[in-house]
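This report covers helix packing, salt bridges and backbone details of one model. Please look at the sequence and structure shown here before reading on.

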Amino acid sequence: MIKLLVRALKGETLARPPFWLMRQAGRYLPEYRALRERAGGFLAFCYTPNLATEATLQPVTRFATDAAILFSDILVIPDALGAEVTFKQGDGPRIDPIRSAEQLSSLSLAGLEDRLSPVYEVVSRVSNELPEDVTLIGFAGAPWTVATYMVEGGSSKDFALTKSWAYKNESGFAALFDLLIEATSRHLVAQIRHGAEVVQIFDSWAGVLSAEMFERLCIAPTRQIVARVRAAAPGVPIIGFPRGAGINMVSYAQETGVDAVGLDTTVPLDWAVREIQTHCAVQGNLDPVLLRTGGSRMVTAIREILANLAKGPFVFNLGHGVLPDTPVENVALLANTVRNWSSA
Ligand code: CP3
């Protein structure tokens, strides 16, 4: 039996499209908050297999999503490379910053898979415990998005330090990217070896790049990672999410080799049908704020997305992650609306 999500990502148009939600595990769920209390720090949570396994399964159990996404974070990569990552409640991530090619010597790929072995343990456990029709998604951050956190030392508004390094010292910045391309490819392949059936590459800050930088810092590294994953694991579908890429999304769909492109909230549906779905499957793109709002306004928007995108290969999702203050009953209503939808 080929699972719904895999069929859609491989290009099949389905009468009932599969659905899952970015950040479907998280603070909006009371059972997540209870688990989080027991875990201590956020990364300790990610690295504790029984807790992270339970967090991965919680939204599947509650909403019967068609996929589970591994409970982890994109910042486990810098953490495993040796740039210590901490999360302070309500304050986002903090990382020892890397701002020059010389500072790269403090990072190391040696033993990467060993350091991330608790994450792979979660993948194995979830893979064994998942209902048989539910797909397990592994993931990683794209090099550009992960680099922004590493260079800025945390979240940023203008990405000035990261961009100016990329403009001023192309070869030094390329050395950081080479390291991230290698680490990310190995991390995705290891997740697949442990049971991930699909992988998604999150480029959450792709939208702040100029067209020329988009080619160099989003498309080119993604293409390399896709090639590496394909060589090691042919047939495993890859979703790319270049958030905010706008019209650059067309070249992303054509040139990276991904099987599907995740559409962010801003993408017009008719444009996506013409410009993206003609190249590959699409995923998206309900505004997370509409999910928080709920009610008939949300249901209308969900049906509009389905009416447009489900005529081709399509996976229902949000345009970005679930917001922490989202009422749980709105997510239940979304799940019922998508599951009971029919094109007739
Ligand atoms: O989607 C899922 O349910 C799977 C798990 C997942 C998390 N983060 C858990 C998490 C995934 C796929 C991510 C990806 C991620 N992490 C991205 C890319 C997607 C996006 O949202 O753009 C980024 C940029 C990060 C980095 C990150 N992690 C930040 C900036 C923060 C702090 C902000 C926040 O929302 O708290 C995190 C923390 C984080 N990652 C939480 C969760 C559930 C919240 C931690 C908590 O419980 O306190």
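The side chains of aspartate 66 and arginine 16 form a salt bridge, with 2.7 Å from N to O. Aspartate 66 sits in the loop between α4 (49–63) and β1 (67–69), and arginine 16 in the loop between α1 (4–9) and α2 (30–39), so the pair ties together parts that are 50 residues apart in sequence. A salt bridge here is a side-chain nitrogen of Lys or Arg within 4 Å of a carboxyl oxygen of Asp or Glu. By this rule the count is 14 salt bridges. Helices (H or I, at least four residues) and strands (E, at least two) are DSSP runs, numbered from the N terminus.

## Basis of the values

The model is predicted: local features need pLDDT of at least 70, side-chain atom pairs count only at pLDDT 80 or more, and totals for chains, interfaces and linings use all residues. Residues are numbered from 1 along each chain as its sequence is written, and side-chain values use heavy atoms, with hydrogens and water left out.

## Helix pairs

Two packed helices are described by the angle between their axes and the distance between the axes. Axes are lines fitted to C-alpha atoms, for helices over the stretch in contact, and angles run from 0 to 180 degrees between N-to-C directions. Angles under 35 degrees count as roughly parallel, over 145 as roughly antiparallel, 65 to 115 as roughly perpendicular and the rest as oblique.

The axes of α2 and α4 cross at roughly 175° and come within 10 Å. These two helices are therefore roughly antiparallel to each other. On the α2 side the contact (heavy atoms within 4.5 Å) uses Pro30, Glu31, Tyr32, Leu35, Arg38 and Ala39, and on the α4 side Leu51, Glu54, Ala55, Gln58 and Arg62. By class, the contact of α2 with α4 has six nonpolar, one polar and four charged residues. For these classes, Ala, Val, Leu, Ile, Met, Phe, Trp, Tyr, Cys and Pro count as nonpolar, Asp, Glu, Lys and Arg as charged, and the others, Gly among them, as polar.

Helix α8 (residues 143–152) packs on helix α9 (residues 160–168) at an angle of about 110°, with their axes 8 Å apart. The pair α8 and α9 is therefore roughly perpendicular. Trp144, Ala147, Thr148, Val151 and Glu152 of α8 meet Ala160, Leu161, Thr162, Lys163 and Trp165 of α9. The contact of α8 with α9 divides into six nonpolar, two polar and two charged residues.

## Helix α10 and the backbone

Helix α10 (residues 170–193) has 24 residues, which at 1.5 Å a residue should span 34 Å, and its end C-alpha atoms are 34 Å apart, which agrees. The expected span is 1.5 Å times one less than the number of residues. Just after α10, glycine 195 has a positive phi of about 130°.

Arginine 23, in the loop between α1 and α2, has phi near 55°, a positive value in a residue other than glycine. The peptide bond from glycine 284 to asparagine 285 is cis, with omega near -20°. Asparagine 285 belongs to strand β8 (residues 281–286).
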